[in-house]
Amino acid sequence: MKYLLSLFILLVPAVVIAEPASNIAWTPDMLNFVKQGNVNNGKQLAESCAGCHGEKGVSQMDAFPSLAGQLATYTYKQLRDYADNKRTHTLMNSVSAGLSEQESADLAVWFASLPAPEYKVKQQTLDKAEVLVARGNGKKIIPPCFTCHGGNGQGERQDIPALAGQQVEYFVNTLTEYKTGVRHNDVYSRMRLISEQLSEEDIKQLAQYYYQMRR
């Protein structure tokens with residue numbers, strides 16, 4: 001596993017892109033700025049988000065992600081990437097462009113403060129997903145999912161999102177967009193490199209696997 005991770009890390013910097021994948025740089029000042037977001041203001045701002053992302057950040061619409069319990073740094077980065085057109089979605093580009101950096105931080109810390117989503121689903125046996133999450137695929141140079149996203153799908157560090165309880169359709173769409181290059185705001189092309197090696201069945205199983213996971 002250590003060899004696989006080392007090889008993946010060595011390959012990542014070799015990917016050449018025309019411009020930065022994101023304008024966000026996680027300096028200590030930036031981390032502190034997001035951390036000090038105003039939860040109460042974020043709660044008020046989030047009222048206009050409920051139509052798509054659900055009450056208290058738990059989406060009831062398959063195509064829209066749940067934001068409850070998501071890492072504040074990840075949500076902040078996505079909002080700013082939308083505002084900077086580093087990530088494209090007609091509605092979210094417009095919404096995020098109307099948010100200040102402070103308002104983006106306020107929303108991010110509010111959603112992070114909420115309980116993670118837990119959907120009542122029938123547990124399925126997902127052999128391919130279980131292998132990818134636990135061991136990855138050495139032949140395709142795919143590291144185990146848990147090494148970045150955590151053993152409980154809780155997310156790690158600044159820009160690696162929590163996946164547990166995420167909507168299946170949104171999850172599939174996200175990996176497919178990485179796979180095809182439609183989405184490209186992943187730093188060092190990490191998820192693009194991985195998604196290119198995943199089959200459609202791999203992606204569907206991973207989506208269902210994380211949807212039924214509890215943090």
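Author: Helices are DSSP runs of H or I of at least four residues, strands are runs of E of at least two, and both are numbered from the N terminus. The model is predicted, so local features require pLDDT of at least 70 and side-chain atom pairs pLDDT 80 or more, while totals for chains, interfaces and linings use all residues. Residues are numbered from 1 along each chain as its sequence is written, and side-chain values use heavy atoms, without hydrogens and water.

Reader: Where does K86 lie, and is K86 buried or exposed?

Author: K86 is found in the loop that runs between α5 and α6 (90–97). Buried means under 20% relative accessible area, exposed over 50% and partly exposed in between (1.4 Å probe, protein chains only). Since its relative accessibility is 9%, K86 counts as buried.

Reader: How many Å apart in space are K86 and A21?

Author: In sequence, 65 residues separate K86 from A21. From C-alpha to C-alpha, the distance in space between K86 and A21 is 6.5 Å.

Reader: At what angle do helix α5 and helix α7 pack?

Author: A72, T75, Y76, L79 and R80 of α5 are in contact (heavy atoms within 4.5 Å) with residues of α7, including E101, L107 and A112. The axes of α5 (residues 72–83) and α7 (residues 101–112) are 8 Å apart. Axes are lines fitted to C-alpha atoms over the stretch in contact, with angles from 0 to 180 degrees between N-to-C directions. Helices α5 and α7 pack at about 140 degrees.

Reader: Which element gives the most residues to the largest nonpolar core?

Author: A nonpolar core joins buried Ala, Val, Leu, Ile, Met, Phe, Trp, Tyr and Cys residues through side-chain atoms within 4.5 Å. The largest one has 19 residues, and L175, L198 and L206 are among those with the most contacts inside it. Two or more residues come from each of α8 (127–134), α10 (168–180) and α12 (200–211). With five residues, the element that gives the most is α12.

Reader: Which residues does L198 touch, beyond those up to four places away in sequence?

Author: With those sequence neighbours not counted, L198 touches L132, I142, L175, K179, I203 and L206.

Reader: Which backbone oxygen does the side chain of S195 reach?

Author: S195 is placed in helix α11 (residues 190–195), and at 0% relative accessibility S195 counts as buried. Beyond its neighbours within four places in sequence, S195 is in contact with L175, Y178 and K179. At 2.8 Å, the S195 side chain reaches the backbone oxygen of M191.

Note on methods:
Polar contact = N/O pair within 3.5 Å; in protein donor to acceptor, adjacent residues only side chain to side chain.
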